[in-house]
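Please examine the sequence and the structure shown below before reading on.

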Amino acid sequence: MKVSPDILSLTPYRPGKPISEAKRELGLNTVYKLASNECPVNPSNKVVAAIKAHLSEITRYPDAAAFDMVNAYSRFLQVPTNEIAFGNGSNELIDLLIRIYCEPGDAILTSQGAFIAYRISAQAARVKTVETNLLDDGCFDLSAMAEAVKKNPKIRLVFIANPNNPTGTYVDRENLQRFLAACKDREILVVLDEAYAEFVRASNYASGLELRKSFSNVVILRTMSKVYGLAALRVGFAIASAETVDLINRVRNPFNVNSLAQVATLAALDDQEHVRWVKEQTWRGLDLWNATLNRLGLKYFASQANFVLIDCAQDSDPLFNSLLRRGIITRPVKNYGLNTHLRISMGTDEENRAAIAALEAELGR
Ligand SMILES: *Cc1c(COP(=O)(O)O)cnc(C)c1O
């Protein structure tokens with residue numbers, strides 16, 4: 001049967017190597033996975049208890065409106081319930097936004113080095129991806145993006161990951177405000193993907209939660225996969241105009257977030273103590289990694305997220321493979337056109353120390 005070339009040229013998403021696979025292939029007993037920006041510690045006890053308490057309900061379909069979860073999120077963010085949509089991870093929301101707002105032949109705008117899901121979702125919907133170049137410091141070039149918006153009437157959606165994965169870099173309040181002002185007289189939505197917003201320490205960072213008060217065309221994406229540690233349960237949120245939320249609710253699958261994920265999200269939001277602990281663990285890791293990379297003379301992008309992107313100054317495969325043989329799974333990012341870089345997620349103190357020891361041994365320093 002005839003299939004669109006856009007579909008045929010897609011390649012399946014390659015996730016980080018699973019621990020079990022690395023153990024099997026290399027005959028190792030201890031393997032640390034610092035490859036998928038996951039939460040390195042156990043989930044909150046409250047989350048585990050909530051899931052156990054609701055296990056027997058899995059015979060029933062989940063609440064299609066996720067009433068309790070949306071209300072809890074609304075209270076947590078101080079955003080009205082009709083401005084909150086939820087997805088099977090924020091990945092589903094990326095997909096839905098493109099399907100809702102773009103016709104085949106339209107375009108989305110993002111940056112080179114941006115989270116790859118934007119491009120994949122666009123291509124699957126026969127939508128083009130326009131990319132501006134990354135700046136030398138790994139940040140998105142918002143002036144070039146504003147130019148692209150001005151020039152290209154096909155652009156319907158802009159995706160800005162803030163902070164971005166895999167670079168860990170962010171765009172500051174002033175630059176973002178200037179960009180949003182430049183988009184104002186175009187029928188365009190600006191999606192601020194804030195999967196890592198909780199980890200940001202930069203004082204000139206502005207969340208879309210602040211900016212949407214002045215710019216009504218902002219859509220914010222948040223996820224339960226990172227600081228909240230619920231990656232396997234697949235829960236993401238969009239904070240957007242009531243109109244956009246209504247459209248998402250028309251297009252999404254009716255039971256896109258399962259019942260255990262819904263109760264886990266409630267419990268996770270309720271345990272901000274645990275969130276603080278995860279953040280402190282992450283920051284301790286970042287400080288240690290930054291100091292180590294400076295000492296080793298390796299280049300890296302300043303990260304505001306829970307990972308760091310290292311420039312090995314050579315093809316990244318050999319270093320990836322030798323770290324793997326030492327039981328450390330990192331993430332090459334060649335699929336982003338970054339051929340000399342490795343992304344390392346922040347682990348526990350023990351995992352960070354082991355990874356740093358492996359790196360030092362490999363580099364002979
Ligand atoms: C991890 C990540 C997400 C989250 O994806 P989920 O589908 O919610 O697990 C979204 N955006 C970026 C940039 C990410 O790195």
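The model is predicted: local features need pLDDT of at least 70 and side-chain atom pairs count only at pLDDT 80 or more, while totals for chains, interfaces and linings use all residues. Residues are numbered from 1 along each chain as its sequence is written, and side-chain values use heavy atoms, with hydrogens and water left out.

Helices (H or I, at least four residues) and strands (E, at least two) are DSSP runs, numbered from the N terminus. In strand β3 (residues 107-111), five of the five residues are buried, so this strand is largely enclosed by the rest of the structure. Buried means under 20% relative accessible area, computed with a 1.4 Å probe on protein chains only. Ala-107, Leu-109 and Ser-111 on one side of β3 are buried, as are Ile-108 and Thr-110 on the other.

Two strands pair if DSSP finds at least two bridges between them. Strand β3 runs parallel to β4 (residues 128-132), to which five bridges join it. Within this pair, Ala-107 stands opposite Lys-128, and Leu-109 has Val-130 as its bridge partner. Strand β3 also runs parallel to β5 (residues 155-161), with three bridges between them; here Ile-108 stands opposite Leu-157.

These strands belong to an open sheet of seven strands with mixed pairing, in the order β2-β8-β7-β6-β5-β3-β4. Strands β2 (84-87) and β4 stand at the edges with a single partner strand each, so one side of each is left without a neighbour in the sheet.

Terms used:
Buried < 20%, exposed > 50% of the residue type's maximum accessible area, 1.4 Å probe, protein only.
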